Amino acid sequence: MSLLQTIASSEPIRSLELNGSQIIILGTAHISQKSIDEVSRIIQEEKPDTVCVELCASRMRSVQDPDHWKKLDIFKVFKERKMWLLLSSLILSSFQKKLGHGNIRPGDEMRKAIDEGNKIHAKIVPVDREISTTLKRAWWNVGFWSRMFLFSTLVSSLIAKEEISPEKIEEMKSDDVLKDLFSQLPSRYQSVKNVIIDERDSYLAQRIREQAAVGKKIFAVVGAGHLEGIMKNISEDRNIEHLDILPTKGFWDIVRPLLFPAIIISAFTALYWFGGKEEGQEFLVRWILVKGGLAALGAIIALAHPISILLAFIAAPIGNFNPIIKPGWVAALSESWFRKPLVEDFEKLGEDTETFSGYWKNKVTRIFLVFMLPQLGSSIGTFIVSKQIFDKIIKFIGAFF
């Protein structure tokens, strides 16, 4: 492998020879007009036979199909429990849209690379790992509270309004600036950085390297933050199959869903034992009314359909004992059936999420409110009634002894 110095560019770029093939790698900011122009210029001048883009196969289909939202069955998304994946993708997409300037959309440099590559009949290759695999590997690498912190960070990024100047966008192409975003995270999130940045550096490098075995001139368009990582990995042939493997649930992941129901059932049994039938029945009714009532209240705040509100109330008391029937999931499934989002709801996500009321106005985000708020209400109800139960048991035990 040898570095070449033949490509003049104002953008971050690396060029090398590998196994008799020339590889040109351009680092871009995903919302930069200069990056878009540079992609076009390099393809027109260098005429590569292969164009690699930092997209996975599913994202590339979305980029190439402007009407992909029309084909999305959101009821099926919730039925198959893929709402977290969709929500994360929508949040990231909406956040990027807010950074765009004028007519520039996030990923326009990738669209330009595909369009210009097709014009010269180049082979277009998506070289990134599937986004679902990346998100799942990152999600399962941290604990529950860390997941909540990261998710709340994503949500807060939607609410925050920050004007990004064109000069700041150009600074985003600096490797140090992009890496600083992750270096500022607490050390316990190092595993997230490893999955989102380091693993993908290795993955992208190997996929680009593989194209050098079949093409003579390869042009790759990647985010600037991956540029140096790719260069560190591309000289060595690596097996990346393990980077596509989804994490398996450990012993604690299997036991944890069973532990709390066992504790609650034991607590109710203790109430019947110490306090008698009437005491046990009283707290059983309280469990149903408090959990169901707060879950229904969450659905009401989300302006859910009446049937969705009713289902949230019914599902909440049994949600702790059945992993399938959760108030948020049931209510959102109902909502997605009765109030299916329109194409314009997806198209206006970036605009609607700029205002607090927009979350209720947009049918897509409102479905997610219907998913989250009943779940939150039910959790609060669990805490309230559980505390009352255990306080009562401790009182009985104290009196007994």
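Reader: What makes arginine 61 count as exposed?

Author: In this predicted model, arginine 61 has a relative accessibility of 54%, and because exposed means over 50%, arginine 61 counts as exposed. Arginine 61 has its place in helix H2, residues 57-64, and its C-alpha atom is separated by 9.8 Å from that of proline 126, which lies 65 residues apart from arginine 61 along the chain.

Reader: Why is threonine 28 called buried?

Author: The relative accessible area of threonine 28 is 2%, and since buried means under 20%, threonine 28 is therefore called buried. Threonine 28 belongs to strand E3, which covers residues 21-28.

Reader: Why are H13 and H14 described as roughly antiparallel?

Author: The axes of helix H13 (residues 306-319) and helix H14 (residues 327-338) cross at roughly 160° and come within 8 Å; because angles over 145 degrees count as roughly antiparallel, H13 and H14 are given that description. The crossing in which H13 passes H14 is right-handed.

Reader: Which residues meet where H13 contacts H14?

Author: From H13 come Ile307, Ser308, Leu311, Ala312, Ala315 and Ala316, and they meet Pro327, Val330, Ala331, Ser334, Glu335 and Phe338 of H14. Sorted by kind, the residues of this contact are nine nonpolar, two polar and one charged.

Definitions and conventions: Residues are numbered from 1 along each chain as its sequence is written. This is a predicted model: local features need pLDDT of at least 70, side-chain atom pairs count only at pLDDT 80 or more; totals for chains, interfaces and linings use all residues. Side-chain values use heavy atoms; hydrogens and water are left out. Axes are lines fitted to C-alpha atoms, for helices over the stretch in contact, and angles run from 0 to 180 degrees between N-to-C directions. Helices (H or I, at least four residues) and strands (E, at least two) are DSSP runs, numbered from the N terminus. Angles under 35 degrees count as roughly parallel, over 145 as roughly antiparallel, 65 to 115 as roughly perpendicular and the rest as oblique. A crossing is left-handed if the near helix is turned anticlockwise from the far one by less than a right angle, and right-handed if clockwise. Contact means heavy atoms within 4.5 Å. Ala, Val, Leu, Ile, Met, Phe, Trp, Tyr, Cys and Pro count as nonpolar, Asp, Glu, Lys and Arg as charged, and the others, Gly among them, as polar. Buried means under 20% relative accessible area, exposed over 50%, partly exposed in between (1.4 Å probe, protein chains only).
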